[in-house]
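Subject: Handing over a structure

Hello,

Here is the structure I promised to pass on to you. Please have a look at it first, and then read on for what I found.

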Amino acid sequence: MSVLFDGTSNSKIDGKSPISNFPLTLSAWFYSTSLTADQCLVSVGNILETSRFCAIVLAGAVPADPFRAYRFGTTARTVSSATAYPINQWGHAAGIFDSSFHQGFLNGVPTPVNTDAATASNWNNYKISELTRSTLGNNVVGKVAEVAIWNVMLTQQEIRSLSLGLCPLKIRPQSLVSYVPLLRDIADYERRDANLIPQNFSISDHPRIYY
């Protein structure tokens, strides 16, 4: 199973961030039912500030509907996919982030890179289906599964393997700081990441993953 979000501000999962600084990798499977809404799949950041976070986002409100990876440290650093994210089907999104580098991946295909500097500033919150900042929003309209965070930047080949369905537990497990499969029910991810608190979602089908 996966988790189905309804696109409202009370439909999300959040909790304490498992990571407070660069580097990191964010990864998730998604099944969006909207090409018009901006939807944050996963984010880590400072819930007390508007501009200290990293996130992977479906930019439905942007022309051409790209996938985007954001690295925000006072100023937004954004990279976008050359193609639109898929709708009404499963897709994979990821982003790798450091203080002076970040890049996104849509279904294993890399975006351009950004090499501007950014600072982390005490990340204290972790959200699925919402941006982590004092101004909330950008909730998912659709399904999310297999959310994972590493405290390293994975390689392009490792992210390609994730996009082909390899379980995150098979990729650098020693650096995997959070894995939220959303495979069966609430107990499934509470067992794996006790910091997370669910709000207003339902259970749906899951992408094919090789465990």
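Which residues are linked in a network of salt bridges? They are Lys 12, Asp 14, Lys 127 and Glu 130. A salt bridge here is a side-chain nitrogen of Lys or Arg within 4 Å of a carboxyl oxygen of Asp or Glu.

Before going further, a word on where this comes from. This is a predicted model, in which local features need pLDDT of at least 70 and side-chain atom pairs count only at pLDDT 80 or more, while totals for chains, interfaces and linings use all residues. Residues are numbered from 1 along each chain as its sequence is written, and side-chain values use heavy atoms, with hydrogens and water left out.

Back to the charged pairs: the structure holds six salt bridges. One of them joins the side chains of Asp 14 and Lys 127, at 2.8 Å from N to O. This pair links distant parts of the chain, with Asp 14 in strand E2 (residues 12-16) and Lys 127 in strand E11 (residues 125-128), 113 residues apart. Strands (E, at least two residues) are DSSP runs, numbered from the N terminus. Both Asp 14 and Lys 127 are buried, where buried means under 20% relative accessible area, exposed over 50%, and partly exposed in between (1.4 Å probe, protein chains only).

Another salt bridge brings together Arg 77 and Asp 116, at 3.7 Å from N to O. Arg 77 sits in strand E7 (residues 75-84) and Asp 116 in the loop between strand E10 (109-114) and E11, so this pair ties together parts that are 39 residues apart in sequence. Arg 77 counts as buried at 17% relative accessibility, whereas Asp 116 is partly exposed at 37%.

Then there is Asp 205, which forms a salt bridge with Lys 143, their closest N and O atoms being 2.4 Å apart. Asp 205 lies in the segment after strand E15 (202-204) and Lys 143 in strand E12 (residues 141-150), 62 residues apart. Here Asp 205 is partly exposed, with 35% relative accessibility, and Lys 143 is buried, with 11%.

Best wishes

Notes: Helices (H or I, at least four residues) and strands (E, at least two) are DSSP runs, numbered from the N terminus.
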